[in-house]
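Please look over the sequence and the model shown here before reading on. The briefing that follows goes through helices, ring pairs and charged pairs in turn.

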Amino acid sequence: MGEYDDQETPLGDVTGALRRLDSDVDALGMRVETVQSNVTALRGELRTMASELGNVSHTIDRVEDSVGQLGRNLAEFTDRYARDQVRARAEAELARLTTEWHARFEQRRQTRALAHGLVHALTKDALEKGMVDKDLVAACAQERMLMDRGFWLGPAVVALAARHLDKAPQMHRARAQAYSIDQARANLFFTLTCTRLGEQDEAARWMDRYLQSLDPYALDEDFHVVLDAVACNELGTEAHAYTRHAMRQWLSRLDLAQAATLETQVARHMRDLSKELPAKAYQELSSVCADDWSVLRSGWELATIPKATLAHLRRAFPGDLDGGPAGHADSALDALIDRHDADEAELASRIRYLELVVERNGDEEAAHQDHTAQRNAAKPVNLRTLLVNAVFVPDAVRLGEEARLLALRAVWPHVLNTSNSYAQRSASLLPLQIDVAWGEWNRPLAADPAVTLPEQQLVSEVVGLLEHRTRQKIESVQLNRFRFVADAVVAVAGTIVAFIAPQGPLRVTAAILGIGAVILAIHEWRRVPARKQELSREGRDSALTAATVLSGALTQRVTFFTAWRANLEAVPQLAAWANQAWRSEAGAIEEAVWKGHGTKRENE
């Protein structure tokens, strides 16, 4: 009984412990459920917080966009405000300078207005018919001269009025006065007024004096307009002849005084017109050509110059003029009267700049660019630059097509001579034959595209040579018997030693040597056919490449030299075009056609 009681006591303890454990497990389960519910609630709060954060992020993005737009609006407003301030200052300064202009040069404005009236053909008719008081005209003209004695147009107006009133002594004195103030403008004024009145002979004499008073190093806008009038024969045939004669003399002076001659400038512009051979053009021909490809390339490009020049001249001188009166003489006279004198130029330039600032709504940078472009366009240029630009850069000069044809007439001998020079240089570089090479294969080929070459035979020669070289390389690949036998002997010896040697380092070493020797022997045995296959594949690829490249090169030989020779044939076309281009001077070009290289050149 005692032993049984002793066993029952531990069993009760275990049961109690299990009950306590079960209660602890239930309590732990309740805690886990509580934690799970808390986690679920926390997840909900996190989702809510994430949603709120998304809304906040969206709000921040909208705020950033608003701030950015506000910044842009502020920058735009600041820029607009700054421009408005600039424009306001420009308008104020413009008003001040305009007032100053009127205070200083108002008398000249009235003189110019009177001059515009007197040069009109109807004014002379009105005086002759008595519709205008002659004494009043004389008084007005003399008053204009007295109000500004340093202005050349004042005495010029008096001379014109005296001419209308048949007062020859007064006319000569007034002309002398205007001439002493500004020779070029006075001479041009009398030239153009005589032209407007229909007195061509006297206009020609004044034109001669005007041309003699000009500086060929600085020809201004007046000469540009006059050149248009002369080219259109608005000043008469004598004035046309005087102008051409003066241009010949000026060009001679400029060529003697400066290192860069007219022909140098013409050659540079014609060289710029040449067609450059693209870097990727004729790749096959250049790769197999054994000659200096850069020389051939240079010769090809030089040959394009006459043809490119002809194409440019056809575009620049389309010849679609209607032949009607252009009114250049009238425009030149009006522009001459309104042209500012030297003492007016600075103030007028400042006023023009401010006007551009106002027109550009305060954009000073754009106004400065426009003002600079206008000033550069109005800068005087030397005769050579004017003529060359008229022919090769027509957009750089404000000349009509007739005036540019006159310029072309002046530079034509140099154009033709330069074209012949470039053609001769190109022809000297045109070879009779070229050497074509591919590896060891080399053959001279005729450069004349009319010569038919045995293309298939040449390709077969190259392919055959490459195949022969490939066979030689394949045959040269042989088994290295000494290496193979040595590897086999080492393999056999290593195997024998590995079997008979006792356990130890010697046996391991023998086994390793035997295995290595076997591997080397197998590699040597397989190397020969693998190398032969590789050489055969390389030979086939090389032959295919050679055949493709050589076929392309032979085709490009024809197109390359055909284009070269065709470009050289443009030289006579250039001369033929010129014979048709002179409209007012038909046939005159024959006088200046070059008889051969080295012939003495004239400027007309």
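Helices (H or I, at least four residues) and strands (E, at least two) are taken as DSSP runs and numbered from the N terminus. Just after helix α14, residue N361 takes a positive phi of about 55°. This is a predicted model, in which local features need a pLDDT of at least 70 and side-chain atom pairs count only at pLDDT 80 or more, while totals for chains, interfaces and linings use all residues. Residues are numbered from 1 along each chain as its sequence is written, and side-chain values use heavy atoms, with hydrogens and water left out.

- Helix α14 (residues 342-359) has 18 residues and reaches 26 Å from its first C-alpha to its last, close to the 26 Å expected at 1.5 Å a residue, where the expected span is 1.5 Å times one less than the number of residues.
- Among the buried residues of α14 are E344, L347, Y353 and V358; buried means under 20% relative accessible area, exposed means over 50%, and partly exposed lies in between (1.4 Å probe, protein chains only).
- Helix α17 (residues 401-429) has a kink of about 55° at V411, shortly before the proline P413, the bend at a residue being the angle between axes fitted to the seven residues ending there and the seven starting there.
- Helix α17 is mostly covered, since 23 of its 29 residues are buried.

**Aromatic rings**

- Rings of Phe, Tyr and Trp (its six-membered ring) pair if their centres lie within 6.5 Å, and planes under 30 degrees apart count as stacked, over 60 as edge-to-face and the rest as tilted; by this rule the count comes to 13 aromatic pairs.
- The rings of Y282 and F560 are edge-to-face, because their planes stand at 80°, with the centres 5.0 Å apart.
- Y282 lies in the loop between α10 (262-273) and α11 (283-288) and F560 lies in helix α20 (residues 505-568), so this pair ties together parts that are 278 residues apart in sequence.
- Y282 counts as buried at 16% relative accessibility, and F560 counts as buried at 0%.
- F560 also forms a stacked pair with W300, at 6.4 Å centre to centre and 20° between the planes; W300 lies in helix α12 (residues 293-316), so the pair ties together parts that are 260 residues apart in sequence.
- F151, W152, F189, F190 and W206 form one aromatic cluster, and the charged end of R209 sits over the ring of W206, 4.4 Å from its centre, the rule being that NZ of Lys or CZ of Arg is within 6 Å of the ring centre and within 35 degrees of the ring normal.

**Salt bridges**

- A salt bridge is a side-chain nitrogen of Lys or Arg within 4 Å of a carboxyl oxygen of Asp or Glu, and by this rule the count comes to 25.
- E106 and R109 form a salt bridge with their closest N and O atoms 2.4 Å apart, and they are 3 residues apart in helix α1 (residues 2-118), which separates them by about one helical turn.
- R175 and E202 form a salt bridge at 3.3 Å between the closest N and O atoms; R175 lies in helix α5 (residues 168-181) and E202 in helix α7 (residues 200-212), so the pair ties together parts 27 residues apart in sequence.
- Both R175 and E202 are buried.
- E93, R96, E100 and R104 are linked in a network of salt bridges.
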